[in-house]
Amino acid sequence: MDLFTVEAVLDARRGVQWEAGDAWLAGGTWLFSTPQPGVSRLWDLARMGWEPLVVSEGGLEIAATCTVAELLAFARQPDGPWPDARVLMEGCCRAFSSSFKVWNTATVGGNVCLALPAAPMVSMAAALHGVCVLRAADGQERLLPVVDFVTGPGRTDLRPGEMLRCLRLPATALAQRTALRRVSLRPGGHSAALVIATIAPGSGPFTLTLTAATTRPVQCSFRRLPTATGLRGTIEQAVDATLIVDDVHGAPSWRRHLIVQLAEETRRALAAED
């Protein structure tokens with residue numbers, strides 16, 4: 001896409017003077033795929049030189065400019081830490097409806113900030129209790145859980161001139177056992193529903209994260225593995241009709257059925273491991 005309204009591409013390393021009409025440029029796979037009539041300047045984040053993935057005792061930090069391919073390579077390390085969490089990361093990387101060629105350019109942060117219901121990096125980060133590190137143009141930072149950062153289809157809590165610097169996934173969440181279920185109308189298509197369940201070692205707290213079928217991430221938490229009836233009842237209370245996506249990728253009634261069905265499948269999967 002020729003963005004004919006863009007007058008300048010600026011280097012964010014030299015300091016940011018944010019103006020109306022500015023936008024952040026990371027991978028650009030979405031930015032350059034559709035007209036952007038309101039954008040006049042781009043601030044290039046690809047030159048920032050941020051380390052894509054940083055492992056520490058506290059967990060994992062994923063730079064906003066980390067590509068999907070880089071995250072997938074980390075997830076597929078044979079001897080890497082947090083085996084269950086890395087299986088989940090790989091599953092979410094493969095949930096993209098784009099080809100592997102796009103994975104080499106598309107960024108984790110860009111997918112999160114795009115905030116589409118089917119954005120798999122939102123699913124992954126929310127399920128692993130990720131926290132967004134948000135940096136303003138003047139350098140000040142604030143922290144916000146991913147599940148609160150995405151507020152609706154294409155909507156986030158980003159303020160004017162604020163960027164997503166990185167995602168922080170805590171070690172406690174990365175150590176959990178995980179189960180992922182996903183359905184789409186066709187192979188390789190948009191996710192109609194993507195459900196992730198996590199449980200702490202020793203049958204501890206159980207968390208269910210609902211995405212793709214819902215307009216924003218919805219989480220249901222339990223002190224321990226719930227019963228099938230308890231799980232269904234909680235989902236029905238947490239997800240009302242206004243939260244169900246209605247588009248060409250699946251009817252609302254079907255999506256509502258899917259999240260209940262897939263949630264039960266993840267519950268059974270983790271129960272069987274116990």
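Analyst: Starting with the largest pocket: about 1,100 Å³ of space lies in it. Keep in mind that this is a predicted model.

User: Which residues lie nearest the centre of that pocket?

Analyst: Trp 30, Gly 110, Asn 111, Cys 113 and Leu 114 lie nearest the centre, out of 47 lining residues. The elements that give two or more residues to this lining are β2 (22-25), α4 (108-114) and β10 (163-170).

User: Which element gives the largest share?

Analyst: That is α4, with five residues of the lining.

User: And how does the lining of the largest pocket divide by class?

Analyst: Into 27 nonpolar, 15 polar and five charged residues.

User: What lines the largest cavity?

Analyst: Leu 116, Pro 117, Ala 119, Val 122, Val 150, Thr 211, Ala 212, Thr 214, Thr 215, Arg 216 and Pro 217. By class, that lining has seven nonpolar, three polar and one charged residues.

User: Switching to helices. At what angle do α1 and α2 cross?

Analyst: Roughly 145 degrees, with the axes of α1 (residues 68-75) and α2 (residues 83-93) coming within 8 Å. The crossing of these two helices is left-handed.

User: Which residues make the contact?

Analyst: On α1, Val 68, Leu 71, Leu 72, Phe 74 and Ala 75; on α2, Arg 86, Met 89, Glu 90 and Cys 93. Seven residues of the α1 and α2 contact are nonpolar, none are polar and two are charged.

User: Now the sheet of four strands. What is its order?

Analyst: The order is β11-β12-β13-β14, in an open sheet with antiparallel pairing. β11 (177-184) and β14 (218-222) are the edge strands, each pairing on one side only. From one strand to the next, the twist averages 10 degrees.

User: Which residue in β13 is the bridge partner of Val 195?

Analyst: Leu 210.

Notes
Residues are numbered from 1 along each chain as its sequence is written. This is a predicted model: local features need pLDDT of at least 70, side-chain atom pairs count only at pLDDT 80 or more; totals for chains, interfaces and linings use all residues. Side-chain values use heavy atoms; hydrogens and water are left out. On a 1 Å grid over the protein atoms alone, a cavity is a set of points where a 1.4 Å probe fits but cannot get out, and a pocket is an open set with protein on both sides within 12 Å along at least five of seven lines; lining residues have an atom within 4 Å of a point. Ala, Val, Leu, Ile, Met, Phe, Trp, Tyr, Cys and Pro count as nonpolar, Asp, Glu, Lys and Arg as charged, and the others, Gly among them, as polar. Axes are lines fitted to C-alpha atoms, for helices over the stretch in contact, and angles run from 0 to 180 degrees between N-to-C directions. A crossing is left-handed if the near helix is turned anticlockwise from the far one by less than a right angle, and right-handed if clockwise. Contact means heavy atoms within 4.5 Å. Grid points are joined across faces, edges and corners, and a volume is the space filled by probe spheres set on the points. Two strands pair if DSSP finds at least two bridges between them.
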